[in-house]
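The following exercises ask the reader to examine a structure step by step. Please look at the sequence and the model before reading each solution.

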Amino acid sequence: MALSVYWTINALILLAIAVSAILWARLLHGVVRQKRSWAEVVPVRPRPRPFWTPADFLVMFGTFAVLVQLFPRLLMDQGWIQPTADDPEAVVSLESRIAAVTAMIAAGLGALTITLTWLRLCNRDAWRLLGLLPTKQDIVLGLRGAVMILPPVLLISFAASYFVPYEHQVLDELASSPHPALFVAIFAATAIVTPIVEEFTFRVLLQGGLQGMVDRNIDAEGNWRPESHWPVVATSLLFAVMHYNQGAAQVPLFFMSLGLGYLYRQSGKLAPPVLVHMVLNATTLCVLFAELQSGAVAGQP
């Protein structure tokens with residue numbers, strides 16, 4: 001069963017790569033031969049100029065940095081997380097691993113809640129202006145973006161891994177203990193919470209804040225449209241650098257971030273980049289878990 005799931009997921013990935021190649025060929029044909037503008041691919045949506053600044057990015061980042069140290073310590077004091085600093089080779093229980101992942105989830109959601117509360121105090125209409133409320137159009141854009149962005153990113157990741165091995169602490173944790181309960185906890189953290197927290201932090205607060213600082217033109221109807229492109233590149237560089245401990249992952253993550261930044265720049269909504277990020281992380285986790293389970297079924301080490 002696990003082996004069939006593993007090959008089914010890989011077949012779907014190959015199908016997505018083929019579909020993506022066709023869509024990219026059609027897109028490039030339209031741009032080169034029909035002289036379409038890249039701005040026409042996803043038209044910029046007019047919206048109010050961001051009221052937040054990159055300083056709010058620092059609020060979110062700093063809050064998370066504190067909570068990601070505080071929550072594991074609290075759970076460790078309660079005996080839910082097993083300390084391993086004195087004995088790195090100690091066998092960590094399944095319950096302790098799940099508690100550690102839960103602490104990460106709590107840190108991310110806690111930082112998000114505190115930052116949103118702060119922004120709500122700054123502007124009573126913050127949630128709408130931040131683009132947090134998704135529409136059907138946002139969902140469709142996110143799914144289309146996943147088909148266009150993720151297959152090239154996966155190919156880049158595959159190529160980069162030949163030169164520098166891919167590393168990820170969470171994936172290593174799952175590989176060392178491929179228990180379904182731990183997979184569910186890691187899936188919730190990595191495929192749901194992390195995309196929301198990271199995209200809100202980098203795309204909305206940082207990129208949106210930079211965009212609002214440098215692009216100040218507002219039309220007669222009071223609408224604002226982003227004009228500069230460098231905030232997308234700057235945010236993507238920082239996003240990649242922040243994943244410095246994941247080996248070659250910085251290369252594909254930079255290109256993925258460019259695509260996510262483009263979606264956010266054009267739409268001004270959080271949902272499209274979050275959906276793409278969720279699909280990537282969910283696919284990576286499911287492939288790894290299916291591979292681990294199929295290896296166990298097949299009697300492989």
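**Exercise 1.** With the side chain of which residue does the side chain of H277 make a polar contact?

*Solution.* The model is predicted: local features need pLDDT of at least 70, side-chain atom pairs count only at pLDDT 80 or more, and totals for chains, interfaces and linings use all residues. Residues are numbered from 1 along each chain as its sequence is written, and side-chain values use heavy atoms, with hydrogens and water left out.

Step 1. Locate the residue: H277 belongs to helix 10, residues 271-297. Helices (H or I, at least four residues) are DSSP runs, numbered from the N terminus.

Step 2. Find the partner: the side chain of H277 makes a polar contact with the side chain of E199, at 2.7 Å. A polar contact is a pair of N or O atoms within 3.5 Å; within protein, one must be able to donate a hydrogen and the other to accept it, and residues adjacent in sequence count only if both atoms are side-chain atoms.

Step 3. Consider the surroundings: leaving aside residues up to four places away in sequence, H277 touches P195, E198, E199, F239, M256 and L260. Contact here means heavy atoms within 4.5 Å.

**Exercise 2.** Determine whether H277 and S161 are buried, partly exposed or exposed.

*Solution.* Step 1. Recall the cut-offs: buried means under 20% relative accessible area, exposed over 50%, and partly exposed in between (1.4 Å probe, protein chains only).

Step 1. Apply them: H277 has a relative accessibility of 3% and therefore counts as buried. S161 has a relative accessible area of 31%, so S161 is partly exposed.

Step 2. The side chain of S161 reaches the backbone oxygen of F158 at 2.6 Å.

**Exercise 3.** Describe how helix 3 and helix 7 pack.

*Solution.* Step 1. Take the geometry: helix 3 (residues 94-122) and helix 7 (residues 180-214) have axes 10 Å apart and pack at an angle of about 25°. Axes are lines fitted to C-alpha atoms, for helices over the stretch in contact, and angles run from 0 to 180 degrees between N-to-C directions.

Step 1. Classify the angle: helix 3 is therefore roughly parallel to helix 7, a term for angles under 35 degrees.

Step 2. Identify the contact: among the residues that make it are L94, I98 and L112 of helix 3 and A181, I186 and F200 of helix 7.

Key. Helix = DSSP H or I, 4+ residues; strand = E, 2+ residues; numbered from the N terminus. Parallel < 35°, antiparallel > 145°, perpendicular 65-115°, else oblique.
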